[in-house]
Amino acid sequence: MSLAMDIQALANQFVRFDVTEPSRFLACIVVQSSLLERIKDHRFEDPHLLVLMDTVQWGGAKDIVIGDDGVMRLQGRICVSNVDVLRDLILEEFHSSCYSIHPGVTKMYCDLKQHYWWQRMKKYIVAYASWCLNCVKYEHQKPGVLIQ
C-alpha cells in the first residue's frame, strides 16, 4: 500500500513511469539541493568561521554545533562562509523563488535568518535588495488606513 501511495505522490509531481516493457526495473530518485554541498565546500574559506570552528572543538561555544555532515550551525541556523558568490546564490534563490517574488528587505531577512547565519547578514541583504526596484518600492510604501 505504501509503495502505491509513493508512486501516486510522484505522479502528482509529474513523474511518469513507463511499464509497457515486460522487463522489470528498480528506480531510485534522490532529490537534494546542491546549496548545502556548496556551503560545505566553502566552509574553510572564511577566517571568522574557522575561529568559531576551533572554539567549538575546544568546547567554548555552546550555541554552535558542527553536525555529522560537517556543516556548522548556530542555534540551528546554517553558518555561511564569507563568500559573496555563495551568499548571492542563497539570496537569488530566495528572491526569485516562485513562492516569494520580491519579498522586500524585511521579509527576506526575517525568512532567511530562520535558516542561515553570516556576519552582517541584514546589511548584506539590504545591499542585495537595493538593486531590485520592486523590493525597494514595497519597503517605502505607507500602510493603508481605514476610511472613515
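The axes of helices H5 and H6 come within 10 Å and cross at roughly 140°. Axes here are lines fitted to C-alpha atoms, for helices over the stretch in contact, and angles run from 0 to 180 degrees between N-to-C directions. This is a predicted model: local features need pLDDT of at least 70, side-chain atom pairs count only at pLDDT 80 or more, and totals for chains, interfaces and linings use all residues. Residues are numbered from 1 along each chain as its sequence is written, and side-chain values use heavy atoms, leaving out hydrogens and water. Helices (H or I, at least four residues) and strands (E, at least two) are DSSP runs, numbered from the N terminus.

**H5 with H6**
- H5 and H6 are therefore oblique to each other. Angles under 35 degrees count as roughly parallel, over 145 as roughly antiparallel, 65 to 115 as roughly perpendicular and the rest as oblique.
- Val105, Thr106, Met108, Tyr109 and Leu112 of H5 meet Met121, Lys122, Ile125, Val126, Tyr128 and Ala129 of H6. Contact means heavy atoms within 4.5 Å.
- By class, this contact has nine nonpolar residues, one polar and one charged. Ala, Val, Leu, Ile, Met, Phe, Trp, Tyr, Cys and Pro count as nonpolar, Asp, Glu, Lys and Arg as charged, and the others, Gly among them, as polar.

**H4 with its partners**
- H4 (residues 84-95) packs against H5 (residues 105-112) at about 110°, with axes 11 Å apart. H4 and H5 are therefore roughly perpendicular.
- Ile90, Leu91, Phe94 and His95 of H4 touch Lys107, Met108, Asp111 and Leu112 of H5.
- H4 also packs against H6 (residues 121-129), at about 65° with axes 11 Å apart.
- The H4 side of that contact includes Leu91 and His95, and H6 supplies Tyr124, Ile125 and Tyr128.

**The sheet**
- Four strands form an open sheet in the order E1-E2-E3-E4, with mixed pairing. Two strands pair if DSSP finds at least two bridges between them.
- E1 (64-66) and E4 are the edge strands, each pairing on one side only.
- E2 (residues 72-74) and E3 (residues 77-79) pair antiparallel over two bridges.

**Confidence**
- The protein chain averages a pLDDT of 77, and 66% of its residues score at least 70. pLDDT is the predictor's confidence in each residue, from 0 to 100.
- Confidence is lowest in H7 (residues 133-139), at a mean of 60, and highest in E4 (residues 116-117), at 92.
- Where pLDDT is low, the predicted coordinates should not be read in detail.
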